[in-house]
Every structure is written in structure tokens, then in C-alpha cells.
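Q: I would like to learn how to read a protein model feature by feature. Can we take it in short steps?

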Amino acid sequence: MANDLKGGYQVVCADVNHDGKIDLIAVASGQTELVWYENPSWQRHVIASNLSHMINAAYLNDQIVLASGFANEARHSIGIVSLLTPNGDPAQLWNVREIDRLTTSHRLRYADIDGSGKKVLIDAPLTGATSEAPEYHGHVPLVFYRPGEWKRKTIDETNEGVQHGLFITDWDADGRDDILTGSFSGIDLYRLRNAKWQRTEIAKGSPAPCPKCGTSDVTVGRLGSERFLATIEPWHGNEVAVYRHGRGGWARTVIDDSLAQGHTILTVDLNHDRRDEIVVGFRGNGGSVLIYHAGAHDAWSKTVLDDAIPANACAVADLNGDGRPDLVCIGGSLLKWYENQR
């Protein structure tokens, strides 16, 4: 699909040109152009140029919000948040307008936090503004913006150290999106209730001393009617952990400890059996994309989908319109589509 990216970091699935087919937006930290690939020819189009250190993007209603100017250490990370809008034809260059600067802006996701149908943009910076390696001491903010207004509003500043994971889910099945974060503090849930944000600790993540503590990335899956959590731990870690709820809370089970710089995790029912698989990507030692299948007695089996991509991110979309969820992953110079033929 693409093999000429520089520092491929995130792929966003969206019907950019409104032709009923899912296109792919590629965020690559080592290049200055934000690009999208048109389905089904996968022709490359430049959205914007003269950008630097892009790290994350979110798409909604013909607009892209982009985080750029990123570095792991706060003192080197400007954290530019920009709004990109098409200038007529989405295949031509888009308009770019800076809307904020928040140090180490790192993960961007849209969420309907109040059930109104009007989504807001969640911005989860990587660290606090004065944090330094290797301990990254300090609290890290979590904020949101209302589209059109684009004024930063604080959700909370309790999470500590590195805040790497951000996942949007309707935790209570009440029609309102909630927020899960993965940080040195572990897995935490944020819910907007009566105009106030409530923070609930779900689990502490890896029990090792910081900076090998907590959770790096988190997602939610289902095994029939049962909900579970799946994580990469610790930050850029080697472990895949599954959390299942019981009388004592969320019990942690490490199902794999062989990752090299784990960096992306998601769940998806690939074979329509009402039991989600876990998809994990890591970028060390050449990188791989792995699929974990749930078996009996809490056992998980592992399949190597690709052992030749330093996977920074994966996403799920039906790219060929056959009704089956496909996978797409990005890393290094590569953007790959894995067609689901089950």
C-alpha cells in the first residue's frame, strides 16, 4: 500500500472524499507532509506540508485535528494542535490553522461525552510540562476541546509520569462516551457526570517500580457477554496483559512477555464468533503484528500476522466493503492492509 513513509506512526480510517469507501490518513513523524491514500487505487494525496514531528490526528466531519511539534521530553516538545479543513477538493492542499499549544500533545480522539451526539476532541499529552527522563516525575493533564470553539478545558491532572494510552468507550452503556487512560498510574476511567468529571482507578498495571510501572496502552474487548481489558505494559513494554472482572476487582493475567517495544493494541471479532481477538503491534527487533485468540480456561494462543513491520499503530476498517473487518498497520516506511478472508 505504501513503502516510502518516514517514521510512520498512526493510521486514521475515514471516508475522506465521501465516495462510500474507507480511505487512510497516514501520520508519519519523520516527514513534513500529512497524506491520505484513496481507496481503492490507493493514490497518494498531500493534505498539508511544512509540518514537523507529527504524532497524532483525529478526523470528524471533514476536518482533521493534528498534533505536531512533538518530542518525548517536554522541554523539546512544543505540542502544536492544528485544525485542517479542505479547500473544496480534499485531494488538494487543505487549510491549516493552529488552535492551541499544549506541551507533549500526543493522543487525539473524539468522544461524545454527554450523549448529545456532539463530539468533543480529547487531547492526552504524554507528560507534564516539566517532566524529565528517565523518571518523568509529575502530573500530566488530560483536556478536551469543543469543535468550533476550540478552547482548552481541563478534565483532570491526576495521572502521573507518562500517559501513553487513550481509549474511548461507553463504559456504562448509557449512551455517553467515557475515557480510559494508560499511564504510570495504571488504568483509569474518566466519566462526565452532572457536569463534573469523575476519575476511577481500574487497575494499577505493571507492579514493577517506575518507570517500568503502570500501563502503556489499553483497549476493551468482549468474550460473548463478558467485558475484558487488554493492555501493553509497562510503557513501550514487553507484556500483553488481560484484565477480567471478578469479586476482587480486575484480575491481571500476563499472556505474553516477549514484545520488544510494544506500541499498539486493539480488539476485534475477526471471525464473527462473538469473541474478540487481541491485535498487538511492536516495533523493536524489526517489529511484528500479533493476534491472540481466546481459548478455554483463560488460555490465549498467539499467531504472527506479520514479522516484518515495526508496528507503531494498527486500526480496524472494512476496506473492501465485504462486511468483514480488515486490519491496517503503520510503522517505519510501511503502511499495510491485511485483508480478512475468514
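Q: Is Cys13 buried, partly exposed or exposed, and why?
A: Buried means under 20% relative accessible area, exposed means over 50%, and partly exposed lies in between, with a 1.4 Å probe and protein chains only. Cys13 has a relative accessible area of 26%, so Cys13 is partly exposed.

Q: What should I know about the model itself before going on?
A: This is a predicted model: local features need pLDDT of at least 70, side-chain atom pairs count only at pLDDT 80 or more, and totals for chains, interfaces and linings use all residues. Residues are numbered from 1 along each chain as its sequence is written, and side-chain values use heavy atoms, with hydrogens and water left out.

Q: How many disulfides are there?
A: A disulfide is a covalent bond between the sulfur atoms of two cysteines. The working rule is a pair of cysteine sulfur atoms within 2.5 Å. By this rule there are two disulfides.

Q: Which strands hold Cys314 and Cys329?
A: Start with the bond. Cys314 and Cys329 are joined by a disulfide, S to S 2.1 Å. Cys314 sits in strand 25 (residues 313-317) and Cys329 in strand 26 (residues 326-331), so the pair ties together parts that are 15 residues apart in sequence. Strands here are DSSP runs of E, at least two residues long; helices are runs of H or I, at least four; both are numbered from the N terminus. Both Cys314 and Cys329 are buried.

Q: Why is the disulfide of Cys314 and Cys329 called right-handed?
A: Look at the torsion about the S-S bond. For Cys314 and Cys329 this torsion is about 110°, so the disulfide is right-handed.

Q: What about the link of Cys210 and Cys213?
A: The sulfur atoms of Cys210 and Cys213 are 1.8 Å apart, and the two residues form a disulfide. The angle about the S-S bond is 95°, and the link is right-handed. Now compare the two ends. Cys210 counts as partly exposed, because its relative accessibility is 48%. Cys213 counts as buried, because its relative accessibility is 6%.

Q: What is the pairing of the bonded cysteines in sequence order?
A: Number the bonded cysteines along the chain, then list the partners. The pairing is 1-2, 3-4. Cys13 is in no disulfide; the nearest cysteine sulfur, that of Cys329, is 9.9 Å away.

Q: Which peptide bonds are cis?
A: Read omega. The bond from Ala133 to Pro134 is cis, with omega near 0°. Pro134 is in the loop between strand 10 and strand 11. Another cis peptide bond joins Cys210 and Pro211, with omega about 15°. Pro211 lies in the loop between strand 16 (196-203) and strand 17 (217-223). Cys210 is also the disulfide partner of Cys213.

Q: Where is His18, and what is its phi?
A: Phi of His18 is near 55°, a positive value in a residue other than glycine. His18 is in the loop between strand 1 (8-14) and strand 2 (23-28). Its relative accessible area is 56%, so His18 is exposed.

Q: Where is His272, and what is its phi?
A: His272 has phi near 60°, again positive in a residue other than glycine. The loop between strand 21 (262-268) and strand 22 (277-282) holds His272. His272 counts as exposed, because its relative accessibility is 51%.

Q: What does Ala129 touch?
A: Contact means heavy atoms within 4.5 Å. Ala129 touches Ala74 and Thr103, not counting residues up to four places away in sequence. Ala129 lies in the loop between strand 10 (120-124) and strand 11 (142-145). With a relative accessible area of 57%, Ala129 is exposed. Ala129 and Arg75 are 54 residues apart in sequence, yet 7.3 Å apart in space, C-alpha to C-alpha.

Q: How many helices and strands does the chain have?
A: The chain has zero helices and 27 strands. Among contacts between residues at least 6 apart in sequence, 42% join residues at least 24 apart. Buried residues make up 56% of the 342 residues.

Q: What box do the C-alpha atoms fill?
A: Taken along the principal axes, the box is roughly 55 × 45 × 40 Å.
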